[in-house]
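Me: I'd like to learn how to read helix packing and strands in a model like this. Can you walk me through it?

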Amino acid sequence: MPEPPPNSNPPSAGNQKEDPGSPENSPISPIPPISPIPPIMSDPLVRGSDYLNAVRQIAIDPSTIWSGGDIIERIQVCTWIGEHIETINQQLREYLEACHQCFPASERREVVIFAAPIAPDYGIDALCNILVDPVAIVIDVGRTAPQDWLSIVVHEYAHAYLRSPGHDSRLLEVLTHLCLGLGLEPPNATGMDERAMDRMLRNWPHCNATPEPLAFWQGNG
Ligand SMILES: [Zn+2]
């Protein structure tokens with residue numbers, strides 16, 4: 001039997017944690033990317049449901065993506081997603097491109113970005129799956145005001161750029177570069193030990209949380 005080709009994960013992948021409350025990066029093998037492009041002809045409910053299923057396949061773990069409490073809520077959210085997700089994703093792609101512009105073309109990694117509601121149990125507003133190629137960023141845009149969406153993209157982009165989930169001095173350097181390039185306040189870790197820096201960087205750039213994340217996805221944001 002021929003051996004499968006070796007995967008291209010960085011040595012650190014799979015044994016570190018993303019933001020607090022997120023799952024371990026448990027999958028060992030890279031998951032083949034599936035583009036969450038829903039069929040154009042279907043109705044909004046089917047389109048939204050197909051979209052969320054596709055995003056689940058590129059998330060660190062499918063359960064990180066919200067799956068809803070009751071049928072009425074699921075219909076409401078999936079229908080809203082089917083009608084509006086492309087506009088939101090277009091905005092996120094523009095922010096992603098702004099991040100790309102901070103680096104020479106030769107240094108840019110291929111990154112895909114999608115908006116989706118994240119399951120509340122995880123307590124995170126975004127995730128970056130460095131185990132898939134291209135690297136996949138999922139942002140729960142219901143968890144922050146639209147003026148903070150760029151900040152969330154910047155944070156996850158820094159992880160994607162480094163292909164590392166760590167909140168260390170390398171992330172500090174990349175985040176500082178991005179913040180200066182995009183007119184955001186850069187992090188200041190002067191005098192901080194590793195733990196303090198980790199704590200600060202996990203929430204940098206700082207974003208205010210919305211009181212009801214799901215309200216956005218129900219069309220009441
Ligand atoms: Zn992070």
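This is a predicted model: local features need pLDDT of at least 70, side-chain atom pairs count only at pLDDT 80 or more; totals for chains, interfaces and linings use all residues.

Me: What angle do α2 and helix α6 pack at, and how far apart are their axes?

Reply: Two packed helices are described by the angle between their axes and the distance between the axes. Here α2 and helix α6 (residues 213-220) pack at about 65°, with axes 8 Å apart. That makes α2 roughly perpendicular to α6, a label for angles of 65 to 115 degrees (under 35 is roughly parallel, over 145 roughly antiparallel, the rest oblique). Helices, by the way, are DSSP runs of H or I with at least four residues, strands are runs of E with at least two, and both are numbered from the N terminus.

Me: Which residues of α2 and α6 meet?

Reply: Two residues are in contact if their C-beta atoms, placed from the backbone, lie within 7 Å. On the α2 side you'll find Q76, V77, W80 and I81, meeting W217, Q218 and G219 of α6. This contact has 4 nonpolar residues, 3 polar and no charged. (Ala, Val, Leu, Ile, Met, Phe, Trp, Tyr, Cys and Pro count as nonpolar, Asp, Glu, Lys and Arg as charged, and the others, Gly among them, as polar.)

Me: How do α2 and α3 pack?

Reply: Helix α2 (residues 71-100) and helix α3 (residues 149-162) have axes 9 Å apart, at an angle of about 55°. So α2 and α3 are oblique to each other. In α2, Q91, L92, Y95, L96 and C99 meet W149, L150, V153, V154 and Y157 in α3. That contact of α2 with α3 divides into 9 nonpolar residues, 1 polar and no charged.

Me: Is strand β1 buried or exposed?

Reply: A residue is buried if 20 or more other C-beta atoms lie within 10 Å of its own, exposed if 12 or fewer, and partly exposed in between, with C-beta atoms placed from the backbone. In β1 (residues 111-115), 5 of its 5 residues are buried. V111, I113 and A115 cover one side, and V112 and F114 are buried on the other.

Me: Which strand does β1 join?

Reply: Strands pair if DSSP finds at least two bridges between them. β1 and strand β3 (residues 135-139) run parallel, joined by 5 bridges. V112 sits opposite A136 in β3.

Definitions and conventions: Residues are numbered from 1 along each chain as its sequence is written. Axes are lines fitted to C-alpha atoms, for helices over the stretch in contact, and angles run from 0 to 180 degrees between N-to-C directions.
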